Amino acid sequence: MRGQVLGVILAIIVVIGIGMMLISGRLSPAGDFARWLVAPLEERLSHAGKSFRDRLEHPSDIESLRAENQRLRREVERLQVAQVQLAEVEKENERLRALLHFAQAHPTYRVQGAGVVGLVIGRDPSIVDRILLNVGELDGIQPGMPVVTNTGLVGRILHVHKTTSVVLPITDPDSAVSAIVQSSRLTGIVRGQQGPTLVMKYIPLDTPVQVGDLVLTAGLGSVFPPKIVIGQVVAVQRHDYDLFQKAEIRPTVDFRRLEEVLVLTHFAPNQEVKDVLKALSEGKERP
Amino acid sequence: MRRRHSAKGVLIIPILLLMVGVDIAQISLAPWITWAGATPDFMLATTVVLALVFGPWAGGMWGIGTGTLADVLAAHHVGLLAFPLMIIGYIAGLAHHRVLESRIVIPAGIGAMATVGYLILQGGVAILLGYPVIWRSLFGETFWQRVIYTTVWTWIIFQGVIWLRSHQRREV
């Protein structure tokens with residue numbers, strides 16, 4: 001008797017569960033309203049959480065040291081990015097000189113256009129990795145826009161609500177970013193794997209990939225701007241019996257400490273490539 | 001009889017508010033109080049505790065309620081959290097009658113088992129809903145930290161609820 005009752009209960013549970021999954025799409029207006037309602041609360045709680053963590057990690061008597069430390073950290077991050085950009089520009093110069101015999105190349109790495117600063121107000125509590133931002137449709141955010149920090153690529157906007165938006169981070173298995181290894185100029189797809197690292201698969205065996213190599217966005221497909229730092233190769237798996245090798249990449253962005261991000265509301269995809277092609281088609285020198 | 005019904009009706013509002021509070025804390029507070037890379041799971045902890053204290057129905061109902069709300073707030077498929085939490089709540093509630101045998105070991109043990117079961121169920125539901133799941137990562141780097149951290153929270157919340165309940169009874 002008890003077994004039968006349990007069976008009935010489990011059947012009810014399964015039916016309710018399947019029913020809920022089926023009606024998912026129809027709940028979006030209610031969801032929008034609920035999110036709009038709780039967004040300010042989420043922002044405050046998130047701020048309180050950050051302050052709590054900061055106080056726990058940095059006691060008040062070393063407040064000045066903390067400020068100094070933060071300033072130096074920012075400086076190091078800025079210099080790291082600058083170093084990567086310089087190396088990239090240098091390589092670009094070499095390539096363009098060799099290809100087009102330019103007397104002088106003009107490095108023009110920049111992301112053109114505007115950006116909206118968003119605060120991280122939450123994380124998806126499920127195993128599906130998503131980040132919640134406090135900016136939405138009213139701030140000009142649209143699905144597909146790239147999200148970055150000063151240290152590198154975060155991901156792209158997946159859903160937009162009135163006052164909030166959801167980011168698909170590059171660490172999620174649903175995310176695929178066209179990328180380029182800085183040293184070897186190898187291009188490939190970098191995918192998330194539900195953990196702290198990313199993976200770049202299907203790299204030909206004869207292509208040299210070293211631990212420590214930097215991986216940047218390739219800018220193909222105009223989803224992400226080119227030359228934004230994704231991460232650094234931390235391990236390379238290669239077997240002689242395989243056709244391909246794969247590289248494990250650690251993102252430069254610390255996703256556990258992500259607080260502020262920049263949503264690129266407009267960027268010129270591969271402007272450099274466009275300019276070169278335009279110049280070549282018109283038979284002129286590169287601008 | 002009517003008075004009893006109205007008392008139950010009045011109870012629904014604080015329960016709903018508590019549910020909203022737990023969900024917002026999970027989404028916006030928990031990511032900032034990580035331990036060794038693991039985030040505490042307040043939704044799971046409260047589901048297990050309520051199931052242990054009030055039984056399988058209460059556990060299941062709380063699980064489905066808190067899970068649905070979180071599914072809606074996080075803008076993913078409804079059911080991804082609600083379904084596993086409902087099952088965990090119901091199953092954990094089956095130990096309701098045995099919880100008085102050991103108030104120390106049982107909540108901790110059930111909390112640890114629930115964390116593992118919850119991950120497996122969530123992975124299964126995620127696959128059904130079309131999300132890619134990498135089991136190796138799910139049970140990878142921060143798995144044990146996650147189990148320990150959520151177990152600790154479950155234990156703390158359990159002791160708190162038991163204390164509140166006994167305090168309330170004493171007043172009555």
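Predicted model: local features only at pLDDT ≥ 70, side-chain atom pairs only at ≥ 80, totals over all residues.
**Confidence**

I started with chain B, which averages a pLDDT of 86, with 94% of the residues scoring at least 70. Within chain B, α1(B) has the lowest confidence, at a mean of 77. The highest is in α2(B), at 94. For the complex, I noted an ipTM of 0.80 and a pTM of 0.73 from the predictor.

**Where the chains meet**

I then looked up the contact between the chains: 39 residues come from chain A and 42 residues from chain B. On the chain A side, the elements giving two or more residues are α1 (2-22), α2 (28-57) and β1 (115-123). The top contributor there is α2(A), with 13 residues. I also sorted the chain A side by class and got 19 nonpolar, 11 polar and nine charged residues.

**Helices of chain B**

Next I went to α4(B), residues 82-93. The helix has 12 residues and reaches 16 Å from first C-alpha to last, close to the 16 Å expected at 1.5 Å a residue. Is α4(B) enclosed or open? I found 12 of the 12 residues buried, so α4(B) is largely enclosed by the rest of the structure. The buried residues include Phe83(B), Pro84(B), Met86(B), Tyr90(B) and Gly93(B). I reminded myself that an α-helix has 3.6 residues a turn, so residues three or four places apart point the same way. In α4(B), both Leu85(B) and Ile88(B) are on the buried list, and Gly89(B) is there too.

I put α3(B) down as mostly covered, with 15 of its 19 residues buried. Just after α3(B), I noted that Ala75(B) takes a positive phi of about 60°.

**Positive phi in loops**

That sent me to other backbone angles. Most residues other than glycine have a negative phi. In chain B, Ala36(B) goes against this, with a positive phi near 50°. I placed Ala36(B) in the loop between α1 (2-29) and α2 (42-54) of chain B. Buried or exposed? Ala36(B) counts as exposed, because it has 11 C-beta neighbours inside 10 Å and the limit for exposed is 12 or fewer.

Arg185(A) lies in the loop between β6 and β7 of chain A. Arg185(A) is exposed too, with 11 other C-beta atoms within 10 Å.

The hairpin of β6(A) and β7(A) has five residues between the strands, and Arg185(A) is where phi turns positive. I followed the pairing of β6(A), residues 176-181, with β7(A), residues 187-192, which is antiparallel over five bridges. One partner pair I wrote down is Ala176(A) with Arg191(A) in β7(A).

β6(A) also pairs in the antiparallel sense with β9(A), residues 214-217, over three bridges. There I saw Ile180(A) opposite Leu216(A). Then I went on from β9(A) to β10(A), residues 229-237, and found three bridges and an antiparallel run. Leu216(A) turns up again here, with Val229(A) in β10(A) as its bridge partner.

**β3(A) and its two partners**

Last, I looked up β3(A), residues 146-149. Four bridges join β3(A) to β4(A), residues 152-160, and the two run antiparallel. They form a hairpin with two residues between them, and Thr149(A) stands opposite Gly152(A) in β4(A). β3(A) also pairs with β12(A), residues 260-264, antiparallel over two bridges. For that pairing I wrote down Val147(A) with Val263(A) as its bridge partner in β12(A).

Key: Residues numbered from 1 in each chain as written. Chains lettered and ligands numbered in written order. Expected span 1.5 Å × (residues − 1). Buried ≥ 20, exposed ≤ 12 C-beta atoms within 10 Å, placed from the backbone. Pairing = 2+ DSSP bridges. pLDDT = per-residue confidence, 0-100. Contact = placed C-beta atoms within 7 Å. Nonpolar A, V, L, I, M, F, W, Y, C, P; charged D, E, K, R; others polar.
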